[in-house]
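Reader: Please show me how to read a model such as this one, feature by feature.

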Amino acid sequence: MAQLVSLAVRTLHVLAVAVLVGGTAALWYGYRSGALSTLAPARTYEWLFWGALGVVVLTGVGNLGALGPPGPGTDWGRTLLLKLLVVLAVVLGSAVRTLAVVRTADGSALRPEAGHPGPFARAYGATAGALAALVVLAEVLAHG
């Protein structure tokens, strides 16, 4: 039974990460290419983002509890610490992005200008890049 619970927690963790990475990358592409011209998709996604991020944090704590605390002097422990610092950066940066999405009026500074992506393309691109780094760190933690 404990193995099934652990498998369910890990599966939920991976699905929530897929929502985070996929949604963020889709918004980055939409704003970068000019396919998205309003903030309505971003405002809807921000709700999904924070819900999925909450699931990732809760299931991540559950996974860590199942594995036991790592030694701080081990490679695994140092990699975990780096991953937690990147998670903190994603949370803080996403809070700023969400506030910008909520406070920005539709139509202002959304379209890319002559080779320069708009601010929301940059924000979602930075988030997608940080989330991709977290996926790599998770792979290192899982498989060495």
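This is a predicted model: local features need pLDDT of at least 70, side-chain atom pairs count only at pLDDT 80 or more; totals for chains, interfaces and linings use all residues.

Author: Residues are numbered from 1 along each chain as its sequence is written, and side-chain values use heavy atoms, with hydrogens and water left out.

Reader: How many helices and strands are in the chain?

Author: Helices (H or I, at least four residues) and strands (E, at least two) are DSSP runs, numbered from the N terminus. Here the chain has four helices and zero strands, in the pattern α-α-α-α. Its C-alpha atoms fill a box of roughly 50 × 30 × 20 Å along the principal axes.

Reader: What span should helix 4 have?

Author: The expected span of a helix is 1.5 Å times one less than its number of residues. For the 25 residues of helix 4 that gives 36 Å, and the end C-alpha atoms are 36 Å apart, which agrees. Gly-144, with a positive phi near 80 degrees, follows helix 4.

Reader: Which residues of helix 4 are buried?

Author: An α-helix has 3.6 residues a turn, so residues three or four places apart point the same way. Buried means under 20% relative accessible area, exposed over 50%, and partly exposed in between (1.4 Å probe, protein chains only). In helix 4 the buried residues include Tyr-124, Thr-127, Ala-128, Leu-131 and Leu-134. Helix 1, helix 2 and helix 3 are among what covers the buried residues of helix 4.

Reader: Which residues have the most contacts inside the largest nonpolar core?

Author: A nonpolar core is a set of buried Ala, Val, Leu, Ile, Met, Phe, Trp, Tyr and Cys residues joined through side-chain atoms within 4.5 Å. The largest has 20 residues, and Leu-20, Tyr-31, Phe-49 and Tyr-124 have the most contacts inside it. Helix 1 (2-33), helix 2 (40-67), helix 3 (75-103) and helix 4 (119-143) each give two or more residues to this core. Contact means heavy atoms within 4.5 Å. Beyond its neighbours within four places in sequence, Phe-49 is in contact with residues including Leu-20, Val-90 and Leu-131.

Reader: How much space lies in the largest pocket?

Author: Rolling a probe the size of a water molecule over the atoms shows where empty space is left. On a 1 Å grid over the protein atoms alone, a pocket is an open set of points where a 1.4 Å probe fits, with protein on both sides within 12 Å along at least five of seven lines; lining residues have an atom within 4 Å of a point. The largest pocket holds about 890 Å³. Of its 29 lining residues, His-13, Gly-60, Asn-63, Lys-83 and Ala-138 are the closest to its centre.

Technical notes
Grid points are joined across faces, edges and corners, and a volume is the space filled by probe spheres set on the points.
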